[in-house]
Amino acid sequence: MLGCRAGMPADGQASSGYLLETATTRLLLDCGPGIATALSSVTEPASLDGIVISHFHSDHCYDLLPIGKSLLSGLAHEPGATVETIRRNGFTPVRLYVPRGSGDLFARWAGLFPVHTFPLLDQAFEIAFDVREYEPGETHVVGDLSVAMHETRHAIPNCGVRIESATATFAYTGDTGTTPALHDLAEDADLLLTEATLAEPEVGDHGHLSGADAGVIAAKAGVGRLVLTHFAVADERSLEHLRASAAESYEGPIALAAPGVRFDIG
């Protein structure tokens with residue numbers, strides 16, 4: 001776990017970002033504020049085989065630009081470096097899976113912070129990343145992982161991610177309210193990582209889960225382990241309330257996400 005906070009970083013904790021590793025593959029799920037720093041304490045961005053963004057709220061994607069600039073920073077300072085020389089010298093961009101319709105957003109985003117003396121740094125989304133726009137229902141292969149996109153219910157389009165290897169299945173909700181689609185996303189997963197933003201079930205229609213909601217989803221889907229994340233607060237009493245609420249429906253092991261915590265899957 002790299003970060004676990006809803007919204008902006010707080011209490012020394014980054015926003016949403018989760019690193020999934022197998023013997024041969026590293027996949028970053030979401031990339032909110034603070035994740036570029038947290039990732040650098042674990043591995044180099046260039047070691048990533050892919051990044052998957054569940055949706056374009058800032059607490060899930062804000063640090064894409066600094067990660068992209070990090071991928072290019074060493075190359076940009078080489079005398080005479082151009083796009084052509086970088087590619088000829090074997091630079092491999094990191095695959096970036098994002099909801100369809102990202103092109104205009106990326107162009108406006110990168111243009112906000114130009115570095116005129118090192119123009120390569122302004123081309124993170126053209127050079128550092130191999131941008132692949134996805135649609136709900138698609139499945140992609142990253143290294144030894146199968147990555148399936150499941151549309152859920154949120155204020156803007158969000159896809160939960162079901163990831164399968166030869167030995168384990170992992171599911172991550174992104175941000176979502178209750179929806180039948182969560183059952184297909186989580187069914188029989190060895191580990192379900194689910195947002196639990198709210199102390200009590202949602203009244204409006206923005207699209208968030210409570211601890212109680214998460215427990216019901218995990219129980220119905222028959223998951224092996226439930227991990228709660230995307231916390232609005234960090235005090236122990238509130239977090240224990242989320243865990244206890246989930247335990248009212250789900251009898252399996254329940255854990256709380258925290259920066260630096262690791263979970264074995266399968």
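In this predicted model, five strands make up an open sheet of mixed pairing, ordered β1-β2-β3-β4-β5. Strands here are DSSP runs of E of at least two residues, numbered from the N terminus, and two strands pair if DSSP finds at least two bridges between them. The edges are β1 (18–21) and β5 (129–134), each of which pairs on one side only. From one strand to the next, the twist averages 20°, with axes taken as lines fitted to C-alpha atoms and angles running from 0 to 180 degrees between N-to-C directions. Within the sheet, β3 (residues 50–52) and β4 (residues 94–99) run parallel and share three bridges; I51 has L96 of β4 as its bridge partner.

L28 counts as buried because its relative accessibility is 0%, buried being under 20% relative accessible area with a 1.4 Å probe, protein chains only. Beyond its neighbours within four places in sequence, L28 contacts L2, Y18, L19, I35, L39, L48, G50, I51, V52 and I67, where contact means heavy atoms within 4.5 Å.

T194 is buried because its relative accessibility is 1%. Residues up to four places away in sequence aside, T194 touches T173, L209, A214, L226, V227, L228 and T229.

Residues are numbered from 1 along each chain as its sequence is written, and side-chain values use heavy atoms, leaving out hydrogens and water. Local features need pLDDT of at least 70 and side-chain atom pairs count only at pLDDT 80 or more, while totals for chains, interfaces and linings use all residues.

How values were computed: Buried < 20%, exposed > 50% of the residue type's maximum accessible area, 1.4 Å probe, protein only. Helix = DSSP H or I, 4+ residues; strand = E, 2+ residues; numbered from the N terminus.
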